[in-house]
Amino acid sequence: MNVSLKDVLTVSFTLFAIIDIIGSVPILISLKSKLGEIREARATLISGALMVLFLFIGEPFLNLLGLDVGSFAVGGSIVIFILGLEMVLGLEFFKSEKDVRASTVVPIAFPLIAGSGTLTTIISLKANYDQSTVLLAILLNLIVVFIVLKSLSFIERMLGPAGLIAIRKFFGVILLAIAVKIFATNAHGLIK
């Protein structure tokens, strides 16, 4: 097990950009206001478990279900697109039943934190880097995710209502663009 600091940093920054927990702050604050709370530790652990599970058995699991990475990415992109529409248009597609446990899993742990982009990136990184390097990068990113989730109230106070609206709309458009890119990159091989 030879872990290079340079490789760990490269993989960590790649995952950080894909997870985009900072960009998800407006939607997380919105979900927190709908639900009353977010279970930060649970969301971090569930998303971490999904990432680690995908690191070890992701591609074989999808193959077992008769799916490929492209199909999985397209499905996740549709969910991300709907979340982006919610943010930009101020509509509510995901109806909250005030069940914090269910919302901790969907849409917070999946697809916001451990989304299809993150999980497919993990499979791709595994092809180029040592498994222990990718695992360490996942763990480092989970620490950042937990800190951001714990700081949502502070971030909300710092931005204020007008700042939150502006950032929510801006990152809604970013989410739409990410969803379109994931869809366009992966959909071409699905239609035959």
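Contact here means heavy atoms within 4.5 Å. The model is predicted: local features need pLDDT of at least 70, side-chain atom pairs count only at pLDDT 80 or more, and totals for chains, interfaces and linings use all residues. Residues are numbered from 1 along each chain as its sequence is written, and side-chain values use heavy atoms, with hydrogens and water left out.

Thr-118 lies in helix 6; helices are DSSP runs (H or I, at least four residues), numbered from the N terminus. At 3% relative accessibility, Thr-118 counts as buried (under 20% relative accessible area, 1.4 Å probe, protein chains only).

| Residue | In contact with |
|---|---|
| Thr-118 | Leu-15, Ile-18, Ile-19, Met-51, Ile-113 |
| Leu-15 | Thr-118, Thr-121, Ile-122, Leu-125, Ala-137, Ile-138, Asn-141 |

The largest nonpolar core has 40 residues, and Leu-15, Leu-28, Met-51, Ile-113, Ile-122 and Ile-138 touch the most other members. Such a core is a set of buried Ala, Val, Leu, Ile, Met, Phe, Trp, Tyr and Cys residues joined through side-chain atoms within 4.5 Å. Helix 7 gives the most to this core, with seven residues.

The axes of helix 3 (residues 40–64) and helix 7 (residues 131–150) come within 10 Å and cross at roughly 165°. Axes are lines fitted to C-alpha atoms over the stretch in contact, with angles from 0 to 180 degrees between N-to-C directions. Helix 3 and helix 7 are therefore roughly antiparallel (over 145 degrees). Residues that meet across this pair include Met-51 in helix 3 and Ile-138 in helix 7.

Definitions and conventions: Helices (H or I, at least four residues) and strands (E, at least two) are DSSP runs, numbered from the N terminus. Angles under 35 degrees count as roughly parallel, over 145 as roughly antiparallel, 65 to 115 as roughly perpendicular and the rest as oblique. Buried means under 20% relative accessible area, exposed over 50%, partly exposed in between (1.4 Å probe, protein chains only). Lists of a residue's contacts leave out its neighbours within four places in sequence.
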